[in-house]
Amino acid sequence: MSLLFTHAYYLSDDPKEQKIMKPYPPLGLLYVSAYLLDKKIPNTVFDSTFSSQEQQLGFILEKQPKVICIYTNLMTKIEVVKLIKVLKSVKFNFPKIILGGPDVTYNIENYLKAGADFLVIGEGEETTFELYNAILNHQNLHEVNGIAFLENDTVIQTKARTKFKELDELPLPNRKAINMQKYLDTWKNNHGQSSMTISTQRGCPYTCKWCSTAVYGQSYRRRPATQVAAEMKMLKEQYNPDAIWFVDDVFTVSHKWLLAFREEVFKQEAIIPFECITRAERLNDEILSLLKEVGCFRIWIGAESGSQKIIDLMDRRVDVNVVKEAIQKTNALGMETGTFIMLGYPGETEEDIATTIQYLKEANPTLYTITVAYPIKGTSLYTEVESKITNQLDWETSTDREIEFERTYSKKFYKYAVSKVVNEVEFHRENSKITLKALKFKTKSFLAFGLMKLNR
Ligand code: B12
Ligand code: SF4
């Protein structure tokens with residue numbers, strides 16, 4: 001075996017996810033693997049999710065691949081860098097290391113200096129295919145678009161690769177290469193239902209300043225609905241998942257596509273209950289009913305803040321009242337709702353946080369997640385706060401999530417602000433009854449509020 005695809009996410013090293021237990025396979029990696037197989041390039045996938053780095057290294061030692069392709073995001077970076085350093089040795093016969101995925105685009109020099117031989121920037125299919133052939137046949141690497149490498153210690157970045165115009169040319173992700181059953185069982189054992197992922201679109205045409213568009217850019221391309229339905233039918237027959245998560249950035253962006261999707265899933269008897277993410281203004285009564293009809297059980301509708309001022313600073317281009325109404329309407333139709341909240345965005349004040357609490361109470365999403373804003377390299381937010389970064393991090397051993405910048409309040413303030421939001425909203429959900437549970441929420445909310453004041 002000379003070509004191996006792998007990643008560096010290990011569930012056993014992630015105590016947070018061990019509580020959640022909703023793992024999904026590395027879909028992008030499986031897309032690239034499938035494309036190469038389609039081009040008659042045999043390859044193996046080592047899926048590290050359920051293994052340790054030790055087991056992964058044991059596998060690599062035994063198989064001695066000549067080229068190792070590793071998926072990288074901002075969280076797995078630390079483990080990827082460790083892996084590179086171990087692999088670049090006599091013991092492993094100095095394999096060529098290719099990195100791809102969302103984190104390489106804006107960290108080119110760092111990854112190359114950490115020991116990677118090549119970076120695949122953006123969509124991976126065609127670039128990895130051409131690069132692999134160029135390595136094998138000692139061809140001119142400068143002619144492979146979409147890569148970066150070091151030449152005499154200088155970073156060479158070739159011309160950007162043209163994005164696929166039509167996604168129907170792409171083979172389905174190589175799910176057969178991994179143990180899908182382990183994912184399905186983990187879900188079933190922990191949640192009583194299994195779930196799988198499908199990607200139907202690439203890119204997003206919107207401009208939210210904190211969001212990374214490192215792979216697909218500000219584009220929008222969609223697979224034909226007939227192909228998506230066929231993939232669902234195949235998954236139903238081969239894996240029988242209880243649910244699907246469409247990993248698309250804005251599932252309802254095209255209403256025309258959704259109409260075709262409805263027709264196809266009915267025609268092909270491909271319906272699987274699903275959840276998806278979308279933007280509020282891409283929902284209306286007709287689309288909500290359509291989603292329900294085709295099996296949608298949960299819609300994630302992003303607002304990020306309850307304060308219009310912050311939404312505008314984020315360049316999210318949505319009206320907070322439209323978001324609120326979309327959540328309420330979805331709830332009323334009997335579908336679950338989820339929303340994402342970000343605290344600590346530059347410019348946010350205590351009043352904005354109070355507005356966000358009020359928004360969550362009124363919108364009443366079934367689920368909500370709260371993140372303290374952090375700047376991902378390559379985003380407009382990063383550029384905006386770069387000169388205000390207050391900590392010096394060692395790139396190889398830290399992640400973008402640890403970047404500190406001058407915010408309105410202290411780091412501790414936001415820890416308590418998250419607690420305040422959660423406990424205040426949960427108290428409200430108890431209908432302000434005088435139960436022990438409600439009292440606990442209210443006490444915690446008061447405490448958090450006091451600590452916010454102390455740590456401003
Ligand atoms: C699904 C998803 C998740 C799932 C992951 C499940 C899974 N195992 O897939 C969950 C919810 C767990 C998750 C978590 C996080 N995520 Co996430 N996630 C996504 C999402 C929405 C879809 C990923 C996907 O499947 N895309 C479809 C595939 C086909 O695209 P792709 O993976 O990019 O693959 C292409 C290329 O990257 C390349 N490629 C991919 N792998 C490889 C490998 C090699 C060797 C090569 C050469 C090329 C290559 O080719 C592929 C095909 O063209 C993306 C946004 C997006 N639209 O992609 C964010 C995204 C990847 N996530 C992101 C972030 C920030 C996170 C978190 C850090 C969030 C957090 N908690 O703070 C965590 C990190 C968790 C971890 N420890 O790894 C960022 C990454 C930014 C960055 N610079 O790394 C993204 C881009 C969102 C964004 N727009 O900001 N995420
Ligand atoms: S947050 Fe969502 S809508 Fe905004 S740019 Fe990112 S993917 Fe697009």
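## Basis of the description

Residues are numbered from 1 along each chain as its sequence is written, and chains are lettered from A, ligands numbered from 1, in the order in which they are written. In this predicted model, local features need pLDDT of at least 70, side-chain atom pairs count only at pLDDT 80 or more, and totals for chains, interfaces and linings use all residues, while side-chain values use heavy atoms, with hydrogens and water left out.

## The sheet

An open sheet is formed by six strands in the order β8-β11-β12-β13-β14-β15, with parallel pairing. Strands (E, at least two residues) and helices (H or I, at least four) are DSSP runs numbered from the N terminus, and two strands pair if DSSP finds at least two bridges between them. At the edges lie β8 (195-198) and β15 (367-372), each of which pairs on one side only. From one strand to the next, the twist averages 20°.

Five of the six residues of β13 (residues 296-301) are buried, that is, under 20% relative accessible area with a 1.4 Å probe and protein chains only.

Strand β12 (residues 274-278) runs parallel to β13 and is joined to it by five bridges. Bridge partners across this pair include I277 with W300 and E275 with R298. With β14 (residues 336-343), β13 pairs in the parallel sense over three bridges; here W300 has G338 as its bridge partner.

Terms used. Buried means under 20% relative accessible area, exposed over 50%, partly exposed in between (1.4 Å probe, protein chains only). Axes are lines fitted to C-alpha atoms, for helices over the stretch in contact, and angles run from 0 to 180 degrees between N-to-C directions.
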